[in-house]
Amino acid sequence: MANLPAGRDLASVPGERLGPISQGFLLALIICALSLPGLWQMPTLDRDEARFAQATKQMLETGDALRIRFQDKERNRKPHGIHWLQAISVRVLSADQPTNIWAYRVPSVLGLALAVFGVWALGGHLADRETGWRAALLFGASPVAMAEATIAKTDAMLTGLVVIMMLALAKCVIPRAPPIHRRRGDLFWVLTFWLALTAAILIKGPIAPMIAALTVIGLVGWRRIIGAGEKALPPRALQPTLKKTLKPGLGCALMIVLLGPWAMATHRATQGRFFTDALGGDFLGKVAQVQELHGGPPGYHLALLPLLFWPVAGVLPWLIHRVITARGSPGFWQPSPPILFLCAWLIPAWIVFEGTSTKLPHYTLPLYPALALLAAMALRTAPGAASPRWVRGLGIILLAGICVGVGAAFILLPLRFSDASPGPTAYGAALLIVALSGLAAHANWRHQLIRMAGITAFTSWFACTMLLTTTLPGLDRLALSQKLAQALGGYPAEAIFLLGYEEPSAVFLLGTQISFAPDAVTLITDLGPTDPAIAIVAFPEAPAVERAAKDAGLHLTRVANIDGFNYSIGTPTNLVIYRRDGDIAVPRPSTRN
């Protein structure tokens with residue numbers, strides 16, 4: 001285990017003078033402060049977040065907690081856990097306003113807080129509490145973690161449960177106390193491991209079992225490959241019999257008791273379609289082929305790593321150089337149990353994600369805590385280790401490229417997707433990020449790696465906070481569904497028809513009963529001659545709709561035009577709102593776009 005440097009005591013670690021519960025509470029507050037700013041400001045995002053939120057909203061509307069639906073279609077893609085958590089959050093926090101998207105995002109914030117708390121605890125177990133604090137803050141300030149904490153999906157909560165699961169696994173296989181003092185604690189952590197695994201299955205199906213299985217296989221396989229005996233990995237340093245340690249019989253029985261009723265009830269409610277679609281269509285389908293154009297070559301996740309895990313971007317070249325230069329040392333192939341554990345968590349699962357056909361940037365989020373811990377442990381043991389100039393130069397280039405790109409985003413995004421020009425706040429934020437990148441580059445050049453990581457973590461947090469609270473919410477040209485909801489006001493949702501615009505956020509904000517027409521003639525037929533109705537038509541279809549209405553003797557009146565950019569398909573979009581003469585008047589927007 002790593003020791004504290006000379007002249008440094010544990011009291012100097014943030015929160016070290018507090019008790020363990022107080023430290024965890026303080027850490028949770030810090031992470032919530034990092035994550036909460038974008039919770040309210042960000043509009044409903046297409047398409048995954050809107051689909052999850054709408055399915056939860058329908059669960060609340062119908063009272064059916066077993067059949068997940070998006071309008072009249074079954075959505076058998078993910079288990080029910082995240083929808084149940086979102087439903088509880090909405091019932092408690094926003095029962096009278098079910099379209100408040102922030103209430104659906106609360107479970108994601110809690111998931112990130114759980115993940116960071118687990119990283120802190122795991123760092124304290126594998127090394128020391130300072131390493132745990134450093135790793136937790138590196139992970140919590142990363143762009144991918146902060147982004148997922150403000151999106152109402154599965155990934156943040158899944159990551160939190162995976163980290164707790166891996167904490168329990170580490171407590172079981174890497175003990176720090178004599179066996180005579182560990183019997184009661186062993187049972188607690190064994191139960192924690194299986195309970196976290198069960199909860200993670202309810203959130204995102206087979207992902208957590210895959211990570212756990214690959215980690216165990218990596219631990220056992222590595223020992224067998226290198227022939228590690230008691231000299232390399234003493235029995236009390238890494239449990240030799242995982243079957244005895246993890247008690248799989250007890251764990252399987254617990255999972256059957258907890259998951260069995262849900263599985264049988266869901267099977268009956270969907271007549272078996274849920275598990276066929278979720279496992280065969282969603283999970284295995286993503287492995288075998290590209291879905292929804294979300295593909296990428298092997299190395300996709302590795303290429304995105306510096307940007308998504310910005311706080312360790314400048315450290316990555318140094319870490320890679322250390323690994324390459326140490327590969328010939330006697331102890332390289334016999335790493336310490338903590339390093340072996342983290343590598344078994346990170347490397348096999350990362351290879352699997354790189355090998356799947358469908359790829360999205362957040363898929364590897366449950367593996368980033370392991371990388372944060374490895375980086376923090378490396379910084380702890382060799383904070384000022386010298387490296388060649390080309391290594392330091394590569395780290396500076398990575399930092400500079402990311403900082404300049406993010407700083408430019410504060411200026412370019414409003415110019416492209418907002419009706420208002422970027423203000424002094426945007427220019428000031430961009431300049432501050434560039435200045436901070438200069439400080440981080442200077443620290444890198446002088447081998448002050450811990451200082452560089454701290455500056456970069458603060459820069460990442462600041463940039464993400466500004467993007468989530470000011471820049472992205474101000475891109476009004478991207479908020480088409482929000483503009484529609486404001487324009488229609490309190491008009492009855494069951495009388496709204498759409499043509500040429502089928503984004504899930506429109507269903508979430510305008511109402512479950514809105515209808516989508518395949519063509520202009522069908523739209524006019526559905527409008528009918530008497531019932532009050534509103535038609536929302538994407539501009540390329542507008543002339544055809546007007547001709548069809550004229551042929552049918554139906555007079556339509558244009559109420560408003562909503563102009564913007566549909567980022568889901570990457571094209572400018574103009575939406576025309578029609579009403580029939582004699583219908584209830586729809587309030588016009590205060591500004592015409």
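Reply: Val119, Leu122, Gly123 and Leu126 of helix 5 meet Pro369, Leu373 and Met377 of helix 17, where contact means heavy atoms within 4.5 Å. Helices (H or I, at least four residues) are DSSP runs numbered from the N terminus. The model is predicted: local features need pLDDT of at least 70, side-chain atom pairs count only at pLDDT 80 or more, and totals for chains, interfaces and linings use all residues. Residues are numbered from 1 along each chain as its sequence is written, and side-chain values use heavy atoms, with hydrogens and water left out.

Me: What makes helix 5 oblique to helix 17?

Reply: Helix 5 (residues 101-126) and helix 17 pack at an angle of about 45 degrees, with their axes 11 Å apart. Helix 5 is therefore oblique to helix 17, since angles under 35 degrees count as roughly parallel, over 145 as roughly antiparallel, 65 to 115 as roughly perpendicular and the rest as oblique.

Me: Why does serine 108 count as buried?

Reply: Serine 108, which lies in helix 5, has 1% relative accessibility and therefore counts as buried; buried means under 20% relative accessible area, exposed over 50%, partly exposed in between (1.4 Å probe, protein chains only). Leaving aside neighbours within four places in sequence, the contacts of serine 108 include Glu148, Ile151 and Lys153.

Technical notes:
Axes fitted to C-alpha atoms, helices over the stretch in contact; angles between N-to-C directions. Helix = DSSP H or I, 4+ residues; strand = E, 2+ residues; numbered from the N terminus.
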